[in-house]
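Here is a short briefing on a protein model and its ligand. Have a look at the structure first, then read on.

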Amino acid sequence: MAQSQASPLRTAIVGAGMIGRVHLDAVRRSGAPVAGISASTPARAKEAAAALGVERAFDSSEELVTSDDVDVVHICTPNDLHAPLAELALRAGKHVVCEKPLTTAPATADALAALAAASGSVAAVPFVYRYHPMAAEARSRVLDGRAGDVRLLHGHYLQDWLSEPGDTNWRVDQGAGGPSRAFADIGSHWCDLVEWVTGHRISELTAVSSTVDRDGGRPATEDAVQLLLRTDRGAIGSVTVSQISPGRKNRLWFEVDGSRTSLAFDQENPESLFVGSRGENAAVLRDPATLSPAAARLSVLPGGHPMGYLDCFAAFVRDVHAAIRGEGPADAFPSFADAARMVRLTDAVLRSAADRTWKEVA
Ligand SMILES: NC(=O)c1ccc[n+]([C@@H]2O[C@H](COP(=O)([O-])OP(=O)(O)OC[C@H]3O[C@@H](n4cnc5c(N)ncnc54)[C@H](O)[C@@H]3O)[C@@H](O)[C@H]2O)c1
């Protein structure tokens with residue numbers, strides 16, 4: 001249901017952790033009023049509201065997502081709460097931005113995507129690396145044929161914050177985090193981004209995974225995955241996903257090798273795109289004057305004024321708001337259906353790692 005230009009999009013944030021604050025910043029940059037925030041307890045919600053300058057602390061997240069004073073809900077909690085809160089919000093007629101993974105089980109993800117499609121609400125998931133201008137430039141160069149036929153996809157997504165035996169987080173716990181950790185948490189970002197850049201879909205995969213012994217010896221989810229893949233359009237690929245790679249903070253890197261050029265993008269150095277050819281190689285710098293229209297649209301600062309992660313979130317929220325107002329293309333942002341696909345892909349990774357066979361991705 002499109003909302004008129006005049007009415008403000010009253011937005012509320014569920015969860016005041018790392019990413020809740022990033023969402024809050026993006027909403028504020030959009031000019032939308034922040035109607036409230038919730039946290040794990042009423043006291044924490046009050047603390048967060050005071051610290052972040054938000055007027056209203058909701059006593060519970062259920063109250064927030066059904067409140068008459070809220071139009072758009074951002075769900076930024078641990079993974080196991082995404083599905084129940086998103087469902088409640090959709091049934092209450094809210095537009096929903098829900099963090100990834102959309103759910104911790106494939107059946108719930110498909111049901112939620114179907115509910116979102118039937119609801120008429122805008123329902124989006126922040127696979128925000130799509131909003132880096134130079135990632136969008138790579139996509140334009142694949143779609144307009146400058147890269148040629150895509151033959152090979154490869155790369156990695158590496159972090160180090162769980163590399164010590166004593167490192168822990170709710171994500172390590174299967175209850176709060178779900179059956180997959182490293183892959184659901186960051187591998188899904190890599191796969192979403194590379195599928196979006198190339199227009200290919202990963203159709204078959206085989207995976208091996210590794211889990212570190214952690215203090216306490218509790219059962220934990222996987223720390224690292226190596227994946228081999230085929231796409232529906234005949235390309236092959238591989239990716240390494242790890243949260244135990246010392247020194248690597250948030251190293252999302254991919255390369256797409258086409259029959260004419262190769263394109264490589266590094267999320268930690270997002271101001272340029274490597275364009276390789278049999279002749280000269282180039283590092284194409286972000287400059288709205290020279291980029292493809294789809295990349296220039298996201299390039300809100302002149303070249304030489306570095307853009308980054310927070311700008312991706314701001315652009316994502318702009319697209320979500322445009323869709324709510326019926327102004328932008330409804331599919332400009334990553335949808336619940338896209339996120340449900342990543343949940344299915346994650347499930348295929350776990351099944352393949354368990355029985356050491358190739359799996360098709362529905
Ligand atoms: N899209 C991205 O780039 C990106 C990046 C980081 C995290 N995430 C996702 O965001 C989610 C949160 O991750 P994070 O890094 O912010 O974790 P975090 O641990 O920093 O924050 C989670 C917050 O949720 C709160 N919380 C727990 N139960 C709650 C409840 N019932 N109601 C409201 N709040 C509750 C916790 O108190 C905590 O403050 C995860 O699902 C994660 O996968 C996405």
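Predicted model: local features only at pLDDT ≥ 70, side-chain atom pairs only at ≥ 80, totals over all residues.

Residues are numbered from 1 along each chain as its sequence is written, and side-chain values use heavy atoms, with hydrogens and water left out.

**Where the ligand sits**
- Domain 1 (11-124) and domain 2 (130-309 + 322-333 + 340-355) both give residues to the shell around the ligand, so the ligand lies between them; the domain bounds come from an automatic or database assignment.
- Helices H1 (18-30), H8 (182-198) and H10 (309-324) each supply at least two residues of this shell (helices are DSSP runs of H or I with at least four residues, strands are runs of E with at least two, numbered from the N terminus).

**Who surrounds the ligand**
- Ser 61, Asn 79, Lys 100, Trp 170 and Tyr 309 come nearest among the 25 residues around the ligand (a residue counts if one of its heavy atoms lies within 4 Å).

**Polar contacts** (pairs of N or O atoms within 3.5 Å)
- Gly 17 places a backbone N or O atom 3.4 Å from a ligand oxygen.
- Ser 40 has a polar side-chain atom 3.4 Å from an oxygen atom of the ligand.
- For Asp 185, a side-chain N or O atom is 3.5 Å from a ligand oxygen.

**Backbone details**
- Most residues other than glycine have a negative phi, and most peptide bonds are trans.
- The peptide bond from Lys 100 to Pro 101 is cis, with omega near -15 degrees, and Pro 101 is in the loop between strand S4 (95-98) and helix H5 (106-119).
- Arg 356, which is not a glycine, has a positive phi of about 55 degrees.

Definitions and conventions. Polar contact = N/O pair within 3.5 Å; in protein donor to acceptor, adjacent residues only side chain to side chain.
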